[in-house]
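Here is a short report for a reader meeting this structure for the first time. Please keep the sequence and the 3D view open while reading.

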Amino acid sequence: MGNNHRRDKLIKEREGDSYRLKGKLAEPTVCPYCSLSYQKGRWQWAEAPKDAHKVTCPACQRTQDKLPAGVVTLAGEFMQKHKREVIGLIKNIEENENKQHPLNRIMEMNEQGNEITITTTDTHLPRSIGVALEKAYKGELDYQFTDESNMLRVRWSR
């Protein structure tokens, strides 16, 4: 019974994401903004022919619409004292994840007061960032997923 509930939730999350493709695109297709290529049924970092169809990829579309799928908030005295190191770790996480999952990207990083807010194009990158921060620096980590907006909020502080 527990597995069915989990599967139902995954289906509900996917159906609720308006940025998820509703069907297959013509191949090859290229994003005119980031040059990501849609080939073999998925978006990937690959060269597309010059005559490829042009469609904005979901990550660029989210960025243009300013509608993130994930938000990471960083706070605390430790974070302030080690900001450069913490941000370096976050950028490494994004770079590594983006190689395998090119739609997983940081949209913006904003500092306001004693907090840094990072918005992302997907829900997996914020979770990876949170896990990496907790593993590297300990601290307090909190996740909140909202079904209505299909958004993951991660808060880390130390």
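Predicted model: local features only at pLDDT ≥ 70, side-chain atom pairs only at ≥ 80, totals over all residues.

The text below goes through the sheet, the helices packed on it, and the cysteines.

Strand 5 (residues 70–75) runs parallel to strand 9 (residues 151–157), and the two pair over 6 bridges. Leu-74 has Trp-156 in strand 9 as its bridge partner. Val-72 stands opposite Val-154, again in strand 9.

Strand 9 also pairs with strand 8, this time in the antiparallel sense and over 7 bridges. Here Phe-145 stands opposite Leu-152 in strand 9. Strand 8 and strand 9 form a hairpin, with 4 residues between them. In the turn, Asn-150 has a positive phi of about 50°.

In a regular strand, side chains alternate between the two faces of the sheet.

**Helix 5 in detail**

Does the length of helix 5 agree with what its residue count leads one to expect, or disagree? Helix 5 has 14 residues, which at 1.5 Å a residue should span 20 Å. Its end C-alpha atoms are 20 Å apart, so the two values agree.

Which residues of helix 5 are buried? They are Leu-125, Pro-126, Ile-129, Gly-130, Ala-132, Leu-133 and Tyr-137. These residues lie on the same side of helix 5, because they cover an arc of only 165° around the axis. An α-helix has 3.6 residues a turn, so residues three or four places apart point the same way. On the other side of helix 5, His-124, Arg-127 and Lys-135 are exposed.

Ala-136 also belongs to helix 5 (residues 124–137). Its relative accessible area is 46%, so Ala-136 counts as partly exposed. Along the chain, Ala-136 and Val-86 are 50 residues apart. Their C-alpha atoms are separated by 9.3 Å. Just after helix 5 comes Lys-138, with a positive phi of about 65°.

**The cysteines**

How many disulfides does the structure hold? The count is 0. Cys-34 is in no disulfide, and the nearest cysteine sulfur, that of Cys-60, is 3.7 Å away. Cys-57 is in no disulfide either; for Cys-57 the nearest cysteine sulfur is also that of Cys-60, at 3.6 Å. Is Cys-57 buried or exposed? Its relative accessibility is 0%, so Cys-57 counts as buried.

Technical notes
Residues numbered from 1 in each chain as written. Heavy atoms only, no water. Disulfide = S-S within 2.5 Å. Buried < 20%, exposed > 50% of the residue type's maximum accessible area, 1.4 Å probe, protein only. Expected span 1.5 Å × (residues − 1). Arc of directions from axis to C-beta. Pairing = 2+ DSSP bridges.
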